[in-house]
Amino acid sequence: MQGASHMPEDGAGGRRVKHTLVAWVEDKPGVLNRVASLFRRRNFNIESLTVGHTEARGISRMTIVVDTQGRGSHLVAQNLRKLINVIKVQDVTTAPTVVRDLALIKVRATPETRSEVMQLVHIFRARVVDVAPDSVIIEVTGTEDKIDSLAELLRPLGILEMARTGRVAMVRGRGSNGYPGDLAEGRG
Amino acid sequence: MELTGAQIVWECLVREGVEVVFGYPGGATLPLYDAMNDYPIHHVLVRHEQAAAHAADGYARVSGRVGVALATSGPGATNLVTGIATAMMDSSPIVCITGQVATSVLGSDAFQETDITGITLPITKHNYLVTRVEDLAQTLREAFHIARTGRPGPVLIDLPKDVQTARTEFVYPEGPVRLPGYRPEPEGPLDADLDRALDFINAAERPVVLAGHGVLLSGAMRELLAFAERGDIPVACTLLGLGGFPASHRLCLGMMGMHGHAAANLAVQHADLLVALGMRFDDRVTGNLKTYARGARKVHVDLDPAELNKNVPVDVAIAGDLRRVLQAWLPHVEARDRGAWLAQIDAWREESRSRDILCNAPEGRLYPAQVIHGLWQATKGRAIVVTDVGQHQMWVAQYYRHDWGPALVTSGGLGTMGFGLPAGIGAKFAAPDEEVWVVCGDGGFQMNVQELGTLAQEGLDLKVALMNNGFLGMVRQWQELFFGRRYTATRLQNPDFCRLVEAYGLQALRVKRPEDVLPAVQAARAARGPVIIDFWVEQEDNVYPMVPAGADLDKMIRRPYPVRELA
């Protein structure tokens, strides 16, 4: 076909695909705002965004899950790269990655239901981190699917509160981040 | 040497080669202005900060250097916003320096405080709030570097008043600017992509080059000319790409898009290959994306990888400097005779010529196209032309045929009315020895008409051709064509522009008849100092051809033929 598309599938077919991007950014005031502003302006929906320190001083790491609204994730990545404070962007959607989400779930736990709660905690390899007379707080890490499943099973018992960090991701195996040495040595 | 922040600003500007800045003082920039007189930089006092940004923009586009605008905090800063957005959309390198309230009261809603870095976040290439005087020199260095390199754009520096008065040891940061996250140029294009594109180019029967602003920005005019001539490939230009390829060349199709030449649009739609060079497939260029150049393979070269596969999916996407890409291609472009394709294009051109208003204007009536054509004749096509936005802008694009750029300064991406007069002032400062004409409509002229004061104060030799039709012409045209000729809020009750201009102490001429166009233009050219010519043109003339918004590129509304007598 002439004029064949080189857009990723979600561009051509309009399917909603969530992409996971990892961005290494300078740890400077306003950088999160720049990233958030870019997503808003370009009409990309952020599903989740986590940010935290890395092994290198002066560099923060963002894991961004984005719904590109049927446009290619390359547009998101290329626009992120244009931000002066963004050092590197990697689309890890299809890469072999370790993906984790962490949730704290406060669930009703009466004497009648407590053992059921504990059973679920055990099955999901979660931990109880706080116990009150009528509730417990469960800490669980894993993929979002796993946490969704646990939440689904706990729901009938009464979830009082839930806080999730959103996805963090890291590519498996060896390989460096590849950002410039002066930053890795802690310029900022 | 210990200096104040204000002194450091000027020291750095001098070292960046800045000779002129456009600004408007205020409470939060008083230290900056107080220090200014010790430095060899000319300050142009505009009458509204918007004009400072446009003037810096016009200066930048003509000189290829960074334009500088100064404004105070709060309203001064927000008045820059339209100018900054204009520069952003058209990739123009400007640095805006704004005063800010003292760091001790930042965030307290102090008098004339506004979060200008927050406001301009999406319309600058980058911006800074400087809170330590020790960071100032480095920040200015970075700002100029970012503005001028890669895909150029505006950078804003917000400067609290106490940082301007604080003192520090001034050491100018020599050497290259190191920004770990900034890649002005993408990694060199892959040979495989360059080769694949070449295969397409050499195999094409009906190729068209789409030349954009990037041709001018990368200085690739000669390379483009050689490329087109070698391959016998016709070249259509975007609005901002005009001047990137000589208009008088047999291979030049002129402008494409909504008000492009019919032959250019037809060529695009019938092409089997589009070679898009430094352009971004704006909706005003493509029309309906679903039917856009359906039979064509597409090769797209742009410095900004984020433009590739954005609006139009392409077969070969090459991120890189256009000049270098063309240089890499040139030895391998096969010399071809594409006579059959060019003959088809010539037939389309001939049909267009028969409809042209220049050949068909009813006796005694003054059409804007005649004015632009007269201006082109009188200036031998060599003037720098700065336009405002609207019908006249399109007529300039169609009838002022530049052979070499950058000589057309116009707000393309943002379409900012009020741009013309202040950008013309900036352009004249950039090219004091060249003839500079501002062409504007009566709507846009009045959006920054206060800059006549700046013009008078500076005594600039700038000429203005005012296309006075008593309407907001482009909007009126849409109302006529798409809203049943219901003219809503488009009729203007104008002042006597000649008397207005004369009140500023400037010369004015009025032209109502076609035979008076050339003499008036020549009189203006002969006069010293600014002259404004008030051309009373046909009130309800339309820009043709016109591709209605969202329509297929070849579904153009053409000028009725013979030309309809206007009521």
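Asp534(B) lies in strand E20 (residues 531-536) of chain B. Helices here (H or I, at least four residues) and strands (E, at least two) are DSSP runs, numbered from the N terminus. The model is a predicted one: local features need pLDDT of at least 70, side-chain atom pairs count only at pLDDT 80 or more, and totals for chains, interfaces and linings use all residues. Residues are numbered from 1 along each chain as its sequence is written, while chains are lettered from A and ligands numbered from 1 in the order in which they are written.

Asp534(B) is buried, because 24 other C-beta atoms lie within 10 Å. A residue counts as buried if 20 or more other C-beta atoms lie within 10 Å of its own, as exposed if 12 or fewer do, and as partly exposed in between; the C-beta atoms are placed from the backbone. Leaving aside residues up to four places away in sequence, Asp534(B) touches Leu466(B), Asn468(B), Phe497(B), Cys498(B), Ala508(B), Leu509(B) and Arg510(B). Contact requires C-beta atoms, placed from the backbone, within 7 Å. Asn469(B) is 65 residues from Asp534(B) in sequence, and their C-alpha atoms are 10.0 Å apart.

Helix H18 (residues 391-399) of chain B is mostly covered, with nine of its nine residues buried. Among them are Met394(B), Trp395(B) and Tyr399(B). The cover includes strands E11 (252-255), E15 (384-387), E17 (436-441) and E18 (463-468) of chain B. Helices H17 (368-378) and H22 (473-482) of chain B also contribute to the cover.

Two helix pairs in chain B were examined for packing. Packed helices are described by the angle between their axes and the distance between the axes. Axes are lines fitted to C-alpha atoms, for helices over the stretch in contact, and angles run from 0 to 180 degrees between N-to-C directions. Helix H12 (residues 262-270) and helix H15 (residues 339-355) of chain B pack at about 150 degrees, with axes 8 Å apart. H12(B) and H15(B) are therefore roughly antiparallel. Angles under 35 degrees count as roughly parallel, over 145 as roughly antiparallel, 65 to 115 as roughly perpendicular and the rest as oblique. The crossing of H12(B) and H15(B) is right-handed. A crossing is right-handed if the near helix is turned clockwise from the far one by less than a right angle, and left-handed if anticlockwise. Ala262(B), Ala263(B), Leu266(B) and Ala267(B) of H12(B) meet Ile345(B), Trp348(B), Arg349(B) and Ser352(B) of H15(B). Six of these contact residues are nonpolar, one is polar and one is charged. Ala, Val, Leu, Ile, Met, Phe, Trp, Tyr, Cys and Pro count as nonpolar, Asp, Glu, Lys and Arg as charged, and the others, Gly among them, as polar.

In the second pair, the axes of helix H3 (residues 49-63) and helix H19 (residues 420-430) of chain B come within 6 Å and cross at roughly 40 degrees. H3(B) is therefore oblique to H19(B). This crossing, too, is right-handed. The contact includes Tyr59(B) of H3(B) and Phe429(B) of H19(B). By class, it has eleven nonpolar, five polar and one charged residues.

Chain B is assigned domain 1 (2-169), domain 2 (191-346) and domain 3 (366-536), with bounds from an automatic or database domain assignment. The C-alpha centres of domains 2 and 3 of chain B are 31 Å apart.

Between chains, 21 residues of chain B are in contact with 24 residues of chain A. The chain B side has twelve nonpolar, four polar and five charged residues.

Terms used: Two residues are in contact if their C-beta atoms, placed from the backbone, lie within 7 Å.
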